[in-house]
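Work through the exercises below with the sequence and the model at hand, and try each task before reading its solution.

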Amino acid sequence: MSPLDILLNSLLTLQAFAGTQNVSSLQKDEAWRVNVRIQGCDLDNGYLCGTMEALNVPLADTPVVTFWEGEFIDVRNYTFYTGKWEATPDDDIRHWSKFPSFSPLLSQVEADGGKSLDLSSYPFVFMRWKEQYFVNVGIDCGLTIAGFYYVCFSCSDGSITGFYYDPNSSPFQKLELKTTNERLAGFTFSSYQLQ
């Protein structure tokens, strides 16, 4: 079973992750509790989507829920170079290099964006998650969704680590998630497509 098959199986059976996002700045040390739910996944097109819930956000009266869409770095649909959302190749390399699992890939990514890599048996799956809109609050909730997350899923333990990128926010906000036993109510689909 390839790492992408393991990821798909994990995402469709586990579906829920919980942890923290460290949003510390030079002025204060702060972390928010975060829950992530995977809503859909389409490996053929390198796509996944879900919701993210930030719990103890200082300026919000309730938990803040956002809907996000993601890209699998499969070098077929998406490479390690973002090419949008104000991220330069240097920003990409700086953020991907925060993951120890990226180190063996660095020279090839610098050479060609990683296009010649075969990631099908790599024990980590790299992704980008971009929040698209707030689900339950207005834009005045105290959070921004202008940036996006560089994300790494460990096939060995199902954990997720990420780093938020937004040139106007605190750099390298770290997201750390573990799988939960919680399951989503309703149906699970192996493919999800927006029209």
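The structure is a predicted model, in which local features need pLDDT of at least 70 and side-chain atom pairs count only at pLDDT 80 or more, while totals for chains, interfaces and linings use all residues. Residues are numbered from 1 along each chain as its sequence is written, and side-chain values use heavy atoms, with hydrogens and water left out.

**Exercise 1.** Find the bridge partner of T20 in β2.

Solution. Begin with the strands, which are DSSP runs (E, at least two residues) numbered from the N terminus. Strand β1 covers residues 16–22 and pairs with β2 in the antiparallel sense over seven bridges, where two strands pair if DSSP finds at least two bridges between them. Within β2, the partner of T20 is R33.

**Exercise 2.** Follow β2 to β3, and describe the hairpin that they form.

Solution. The two strands run antiparallel and are joined by eight bridges, and V34 stands opposite A54 in β3. Four residues lie between the strands of this hairpin, in which G46 takes a positive phi near 65°.

**Exercise 3.** Decide whether T51 counts as buried or exposed.

Solution. First place T51 in strand β3, residues 47–54. Buried means under 20% relative accessible area, exposed over 50%, and partly exposed in between (1.4 Å probe, protein chains only). Because its relative accessibility is 16%, T51 counts as buried. Leaving aside neighbours within four places in sequence, T51 is in contact (heavy atoms within 4.5 Å) with residues including N35, V36, R37 and W68.
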